[in-house]
Amino acid sequence: MRRLYFAAFILAALSIQGCGYQLRGQLPAVSGLGNVHVRSADTALGDQVRAQLEAAGAQLAASGSGASSILTVRVPQYRRQVATVDARGRATAYRLIYTASFSLTKATGETLLDEQRVRVQRDYEFDSTAVLVSEGEEDVLRRDLERDTAERIVRRLASVGR
């Protein structure tokens, strides 16, 4: 009976793996891109993209001359808009919207991936009596948005390396 359960477990695990399912947080391999050089005017997002690429198995090039492909990350847009208000017209929740665009080219200039946009958003409650806490929460969410954007960029790059 144990062998039957074990065989069923193995069969289920192989079928899930075969369909391309991956646990969240596990980035697809991007090793097929060769040496990648990341150009980014935004230091925070550029650093996040580099870290995510390394975690996904990519080799990073220090300059464009030693790279086989160049990832260009444009300056992201960060917006905060009111999501909800109370009866007195005061904001009680905000929506943070982070949008970045990127493209991938070979070192020769051939386009591998046309310009793509990634848009990520988060909502958070705002307490006017605890402004410092709310501002701290916004800073944490902004870093989370940068990390999530970098992960989404790497996931899109994985399709090119195949």
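Contacts between residues 24 or more positions apart account for 65% of the contacts in the chain with a separation of 6 or more. Contact here means heavy atoms within 4.5 Å. The model is a predicted one: local features need pLDDT of at least 70, side-chain atom pairs count only at pLDDT 80 or more, and totals for chains, interfaces and linings use all residues. Residues are numbered from 1 along each chain as its sequence is written, and side-chain values use heavy atoms, with hydrogens and water left out.

The chain contains 3 helices and 6 strands. Both are DSSP runs, numbered from the N terminus: helices are H or I runs of at least four residues, and strands are E runs of at least two. From the N terminus on, the order is α-β-α-β-β-β-β-β-α. Of the 162 residues in the chain, 31% are buried. Buried means under 20% relative accessible area, exposed means over 50%, and partly exposed lies in between (1.4 Å probe, protein chains only).

Strand β5 spans residues 91-106. Because 12 of its 16 residues are buried, β5 is largely enclosed by the rest of the structure. Two strands pair if DSSP finds at least two bridges between them. Strand β3 (residues 69-73) runs antiparallel to β5, and 5 bridges join them. Here I70 has T105 of β5 as its bridge partner. Strand β4 (residues 77-85) is also antiparallel to β5, with 8 bridges. In this pairing V85 stands opposite A91. A hairpin is formed by β4 and β5, with 5 residues between them. G89 in its turn has a positive phi of about 85 degrees.

Strand β6 (residues 111-125) pairs with β5 in the antiparallel sense over 12 bridges. T105 stands opposite T111 in β6. These two strands form a hairpin with 4 residues between them. In that turn, G109 has a positive phi of about 105 degrees.

The structure holds 3 aromatic pairs. Rings of Phe, Tyr and Trp (its six-membered ring) pair if their centres lie within 6.5 Å; planes under 30 degrees apart count as stacked, over 60 as edge-to-face and the rest as tilted. Y94 and F126 form an edge-to-face pair, 5.4 Å centre to centre, with 85 degrees between the planes. This pair links distant parts of the chain: Y94 lies in β5, and F126 lies in the loop between β6 and α3 (131-160), 32 residues apart. Ring pairs join Y94, Y124 and F126 into a cluster. Y94 counts as buried, at 12% relative accessibility. R80 lies over the face of Y94, 4.1 Å from the ring centre. A charge sits over a ring if NZ of Lys or CZ of Arg is within 6 Å of the ring centre and within 35 degrees of the ring normal. R142 lies over the face of Y78, at 3.8 Å from the ring centre.

The largest nonpolar core has 29 residues. Such a core is a set of buried Ala, Val, Leu, Ile, Met, Phe, Trp, Tyr and Cys residues joined through side-chain atoms within 4.5 Å. Those with the most contacts inside it are V30, V49, L53, L71, F102 and L157. At least two core residues come from each of β1 (35-40), α2 (43-55), β3, β5, β6 and α3. Residues up to four places away in sequence aside, F102 touches residues including L71, V73, L113, V118, I153 and L157.
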